[in-house]
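This briefing is meant for a reader who is meeting the structure for the first time. Please look over the sequence and the model before reading on.

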Amino acid sequence: MSFVGILLLALSLSADSFVVSMGGSVTLGRVSSGKTLAVAAVFGTVQAACLFAGWISGYSIVGYISRFAHYIALAVLSYLGISMVVAGVRNSSESVNLSGFRNLVLAAVATSVDAIAVGVSLAMGDMKWPDALTVTGLTLAVTVLASSAGITLGAASGRLFGNAARIAGGLVLIFIGIRPFIW
């Protein structure tokens, strides 16, 4: 696989992490660069770990993952999104956001389930060890950068638009979950 191909793969895998980190961070207010990096590192690490685990697993789990991946993501993203919408409508200061470790890990896993299937497909395409490490490393880096950008944009929009941004962020999370069932 060429470097450009690997980069495009990493960008496509990081797209959901970008959107979810943006939607989930609308409740965070001002976010320090350390907090941004920590949250983005969780997204990147989970994404890379899922990709690599899929590659290692190879043929053994392809049928299982492909059948259930969308349902797992739908359940987790719907839970997070509905919680954000309800909090926004109620004008509640409590909301699902990325400041809680449990919610952060749930969001990271929900955006990374497809990375397992991608890893499996790379193994089925006979990708060798050095290339798998390159893909994993670049996916980690791109996802950290994309999530950092999403957190920064989401937190800024949350400060500017308050509950409307929280509701919109929740709806985006729900849409990401149902998108595979629409097209």
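This is a predicted model: local features need pLDDT of at least 70, side-chain atom pairs count only at pLDDT 80 or more; totals for chains, interfaces and linings use all residues.

Residues are numbered from 1 along each chain as its sequence is written, and side-chain values use heavy atoms, with hydrogens and water left out.

**Helix lengths and ends**
- Helix H2 (residues 33-57) has 25 residues and reaches 35 Å between its first and last C-alpha, close to the 36 Å expected at 1.5 Å a residue, where helices are DSSP runs (H or I, at least four residues) numbered from the N terminus and the expected span is 1.5 Å times one less than the number of residues.
- Gly58, which follows H2, has a positive phi near 55°.
- The 33 residues of helix H5 (residues 129-161) should span 48 Å at 1.5 Å a residue, and the end C-alpha atoms are 47 Å apart, which agrees.
- Just after H5, Gly162 takes a positive phi of about 55°.

**The H5 and H6 pair**
- The axes of H5 and H6, which are lines fitted to C-alpha atoms over the stretch in contact, with angles running from 0 to 180 degrees between N-to-C directions, come within 6 Å and cross at roughly 135°.
- Ser157, Gly158 and Phe161 in H5 meet Asn163, Ala164 and Ala165 in H6, contact being heavy atoms within 4.5 Å.

Methods: Helices (H or I, at least four residues) and strands (E, at least two) are DSSP runs, numbered from the N terminus.
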